[in-house]
Amino acid sequence: MAISEAEIAQVRSATDIVALITEYVALKKVGRRWQGLCPFHAEKSPSFSVNAEEGRYYCFGCRVSGDQITFIREMQHLDFVEAVRVLADRAGIVLHEDDAAGPARKDRQEFLAAMNKAVEWYHDRLLNSPDARRARDYLRSRGISGEVARQFHLGWAPDEWDALAKSLDLSPKVLEGTGLGFVNKRDRRQDALRARLIFPIFDSANKAIAVGGRILPDAPEDPDGYRQAKYKNSPETPIYSKRRTLYGLNWAKDDIIKSGEIIVCEGYTDVIACFQAGLPRAVATCGTALGEEHFRIMRNFAKRIVLAYDADSAGQSAAASVYQWERQHEVDVFVAKLPKGSDPAELAHREPAALASAISSAVPFLQFRLDRVLDAANLTTAEGRARNAEAALRVLAEHPSDLVRDQYLLKVADALRLDLATLRPRVSELVGNPQAKAVVVDRPRQPRVSEPLPRPGLEALRLSLHFPHDVKDRFIAEYFVNEVQREIFLGLSTGQSVSEVVDHLRRQGEDGAADVLSELSVDEFDREYTVDDVTAVVAQMLRSAVTAQLRDVERELRNSEMTPDVAIATIRDVKERLEMLDGPQGSVAEADLRAWLLARWANRA
Ligand SMILES: [Zn+2]
């Protein structure tokens with residue numbers, strides 16, 4: 001890797017850490033720090049703290065810490081160099097990398113730029129081109145106005161083989177790298193989408209990364225006589241990962257954070273319909289099922305997740321996985337009960353209020369699944385009731401919590417008019433069956449346990465960190481009895497930034513020191529410090545440093561055969577000066593003791 005230290009520092013200082021983190025997590029200003037829910041562990045009250053000036057974050061819950069680069073590494077699962085590139089892209093910094101590392105990054109930039117241009121091109125065609133009239137008419141018939149088309153950057157891919165590739169002069173490499181086109185068998189460039197409405201897909205930082213295309217309802221069969229797929233989406237590319245993308249998140253983020261709720265739909269038009277129905281907190285998965293990565297993203301924004309699928313698909317979601325993610329990410333999954341045969345887009349168009357009420361009265365996922373069984377129950381015969389009970393108990397058994405299962409068991413017994421005592425053992429049996437119990441136990445990060453650090457040393461580090469100029473030269477490394485604190489102090493004395501010191505400590509294997517420094521750097525610190533306070537801290541540190549050394553001297557004396565009068569006199573002398581530290585001659589004693597301490601240190605070395 002060949003990104004220079006100077007460029008890394010440049011990327012760090014160009015990246016506002018609060019702006020960066022808010023792309024993933026809601027942060028609120030508290031005092032001089034920013035606080036939010038930790039994206040790295042599940043929690044309900046915020047213990048994630050960000051220091052904007054130092055560009056550092058720290059979690060008081062799971063003790064993760066880091067800077068802009070580590071944050072993006074963790075969030076996007078990148079290595080160090082990749083993370084620096086992402087941030088450099090974001091900040092518009094051109095890195096002078098060597099040729100070995102450069103191309104992939106340059107490609108990404110090229111692809112993003114091309115995607116952005118393509119989205120604008122499609123959009124312009126929809127708004128202005130005569131051949132898009134059918135598309136505009138269709139949108140209008142669905143209640144999608146020009147204003148809405150602009151808001152969501154909708155587009156039109158004309159009914160031509162290579163209109164996009166030609167107009168933007170996209171190279172074969174860019175066509176394939178973005179998924180916007182390909183080189184066909186006749187060795188000609190060809191667009192991936194033609195005669196389709198375009199729904200551009202943006203990442204949460206508002207960069208276009210892919211497009212989805214929908215045929216118009218009256219679309220003819222394609223020239224080869226095949227019926228075309230209703231939707232056709234960009235493939236996975238270097239700039240687009242389906243399982244990490246939620247369509248609409250870039251627009252919905254603010255309202256999701258404000259409301260604490262996120263609505264998950266199946267299609268682009270459902271998302272747009274929710275926005276139009278006054279629910280601007282909807283997202284959709286893009287051509288893939290709702291998965292673990294999606295939960296990982298969503299839980300950073302809201303705790304209440306409402307699935308707004310058409311009735312059949314909602315019931316088919318993999319229950320075991322949903323329960324597992326609910327638990328692992330501490331979110332609650334609800335299902336909106338839409339009238340049979342309707343999806344959010346259709347319902348919003350027909351009766352917007354009904355959609356809003358279906359969302360607000362959504363039921364827990366387990367209840368939704370149980371209701372489906374119970375609603376269909378045949379209660380007239382004993383055999384019918386038994387069959388339905390078996391089906392309901394199987395649904396129940398999928399839930400990992402016995403407390404939850406028990407609550408719902410009552411409902412089942414009531415609904416089917418069966419005896420609770422006979423149902424309970426059957427649930428246990430089903431739960432015991434490994435097939436019914438496909439729940440993986442999650443592994444939360446273990447908070448690291450560390451010894452408490454001596455107070456005066458910590459105060460000294462805080463002062464060195466927050467008021468480096470005021471306390472310069474007041475502290476010396478020998479004052480620090482605690483080795484971890486001494487390492488940190490030495491690091492800070494080099495004048496490097498906190499992030500550089502943390503990196504350095506980690507490279508030295510001083511992870512403990514790196515952790516402590518990370519924590520200190522986001523520490524709330526709004527007290528005023530006076531000269532007297534600093535003196536008091538110095539006196540306390542000196543006292544413990546000198547006392548520690550005196551103990552060594554005494555031990556040496558005890559272990560030696562001689563009676564070294566000089567040493568004993570020195571000890572007495574030092575002890576007197578230690579007492580003077582708190583008296584009117586404190587500063588004299590301080591200077592003496594400091595000299596003594598340094599002399600001892602020099603001898604020891
Ligand atoms: Zn945490």
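Biologist: In what order do the 6 strands of the open sheet run?
Modeller: In this predicted model, the order is β12-β14-β13-β15-β16-β17, and the pairing is mixed.
Biologist: And which strands stand at the edges?
Modeller: Those are β12 (246–247) and β17 (363–364). Each has a single partner strand, so one side of each has no neighbour in the sheet.
Biologist: Okay, what about β13 and β14, parallel or antiparallel?
Modeller: Parallel: strand β13 (residues 261–265) is joined to strand β14 (residues 282–285) by 3 bridges.
Biologist: Which residue in β14 is the bridge partner of Ile 263?
Modeller: That would be Ala 282.
Biologist: Switching topic, how do β1 and β2 pair?
Modeller: They are antiparallel, with 4 bridges between β1 (residues 27–30) and β2. Val 30 stands opposite Arg 33 of β2.
Biologist: How many residues lie between them in the hairpin?
Modeller: There are 2, and Gly 31 in that turn has a positive phi of about 60 degrees.
Biologist: What about β2 and strand β3?
Modeller: β2 also pairs with β3 (residues 48–51) in the antiparallel sense, over 3 bridges. There, Trp 34 has Val 50 in β3 as its bridge partner.
Biologist: Are the faces of β2 covered or open?
Modeller: Both are covered. In a regular strand, side chains alternate between the two faces of the sheet. For β2 (residues 33–36), Arg 33 and Gln 35 are on one side, Trp 34 and Gly 36 are on the other, and all are buried.

Terms used: Residues numbered from 1 in each chain as written. Predicted model: local features only at pLDDT ≥ 70, side-chain atom pairs only at ≥ 80, totals over all residues. Buried ≥ 20, exposed ≤ 12 C-beta atoms within 10 Å, placed from the backbone. Pairing = 2+ DSSP bridges.
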